[in-house]
Amino acid sequence: LQEKISTDDKCIWFHAASLGEFEQGLPVIEEIKDLFPTHKIVLTFFSPSGYEVRKNTKAADVVIYLPLDTPKNAKKFIKIVRPELVFFIKYEYWPNYLNELKKKEIPTFLISGIFRNNQLFFKWYGGFYRKALDAFHHFFVQNSSSKELLLQLNKINVTVSGDTRFDRVASILEKDNTLDFIQDFKNNTLTVVIGSSWPKDEELLANFINSSTHKIKFIFAPHLVKEEQIADLKKSIQKKTILFSEVQSGHNVSLSEYDVFIADTIGILTKIYSYADIAYVGGGLGTAGLHNILEPATFGVPVLIGPNYSNFAEAIALVNLKGCISISNQKELNEALENLIRNEDIRAEKGHICSTFVQMNQGAVAVIKKHITGLSI
């Protein structure tokens, strides 16, 4: 930090727990850069899955891990960065940092916040954490139930802005999502994209692929790109399979001849979703947590997920709207995929529900921007 920030620099600090929170905060970062073009953006991560993927992002001038939340670190970090505005994304409330920000009277905001009554703030023994919330000048929350919980703590500086991820994923449609090697592999064939999969997801999908007689393509983009796991996945599939790393290493192959493509890399899943006719999003069969269903949804693709999605408002909504299908076992997965593969009209209807849902829920960034624009820093 001392190397990258001089005493003349003016800084704005964004903190994201991981990659998902970064994606959530990105449209706000872009608006803040437009509003305050002479300020440096300092971006901190807690998780390697955020830092390792986005450490070279052009969205920020300085990207680092957040030092451990101790009073000494918080004091030193804020002394070096001297942020004039601070944004915490969704959650992660580090009490020592927040108390130091409050002490320095630095405007601090929570964006896309979500509160549940099982959090420490709402327990009789959560006083230390409740005190940390005093640092926030304003809470921009995703839903009215979060606002109600904050009102119980006498926090009236709350706005229900919605979820900035809708703005983020809607903007993906304006970008160039072309991947020539995926285009060659797809070869105008019906394609199922399996994003952020875990071994539990992969086992069911491999079974379907091995027994399927349809002339369709499958693309896996596993959540963990570990050599051993990728090897196990490839071994479990009986159809003709190729890895992204094999394509990159110059294998002279005709991609269109393959049935299954495994993206053993990170950072390209969003673009891969643009080639999907059906998407399966992992994490909902186990306890890891459901991954981002809004990325395939924005492309107008029907989405399949596991049964554990009760903590994800967008999944609950899309399952209720019937754009998203929840499956719990092999039989349900097979039936759902067969139905979608055989019926173009059903695919189109569910895909339309998904894309409309994303479009209708945009606007959180505009609410936040309106509030921030009036600040003089």
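Helices here are DSSP runs of H or I with at least four residues, and strands are E runs of at least two, numbered from the N terminus. By that count the protein chain holds 17 helices and 14 strands. Its radius of gyration is 22 Å, close to the 21 Å that the globule rule gives for 377 residues, so the chain is as compact as a globular protein of that length. The model is a predicted one.

Now the outline. Along the principal axes, the C-alpha atoms fill a box of roughly 65 × 45 × 35 Å. Of the 377 residues, 54% count as buried. Take the contacts between residues at least 6 apart in sequence: 66% of them join residues at least 24 apart.

Next, the surface and the charges. The protein chain exposes about 17600 Å². Carbon and sulfur atoms supply 49% of that area. There are 42 positive and 42 negative charges, and their mean positions lie 6 Å apart.

Then zoom in on strand S12, residues 278-281. Which way do its residues point? Ile278 and Tyr280 point one way, while Ala279 and Val281 point the other way. All four are buried.

Which strands pair with S12? Strand S8, residues 191-197, pairs with S12 in the parallel sense over four bridges. There, valine 192 stands opposite isoleucine 278. Strand S13, residues 303-305, also pairs with S12 in the parallel sense, over two bridges. In this pairing, alanine 279 stands opposite valine 303.

Notes:
Residues are numbered from 1 along each chain as its sequence is written. This is a predicted model: local features need pLDDT of at least 70, side-chain atom pairs count only at pLDDT 80 or more; totals for chains, interfaces and linings use all residues. Side-chain values use heavy atoms; hydrogens and water are left out. The radius of gyration is taken over C-alpha atoms; the globule rule is 2.2 Å times the number of residues to the power 0.38. Buried means under 20% relative accessible area, exposed over 50%, partly exposed in between (1.4 Å probe, protein chains only). Contact means heavy atoms within 4.5 Å. Accessible areas come from the Shrake-Rupley method with a 1.4 Å probe; for residues, only the protein chains shown count as cover. Lys and Arg count as positive and Asp and Glu as negative; His and the chain ends are not counted. The place of a charge is taken as NZ of Lys, CZ of Arg, CG of Asp or CD of Glu. Two strands pair if DSSP finds at least two bridges between them.
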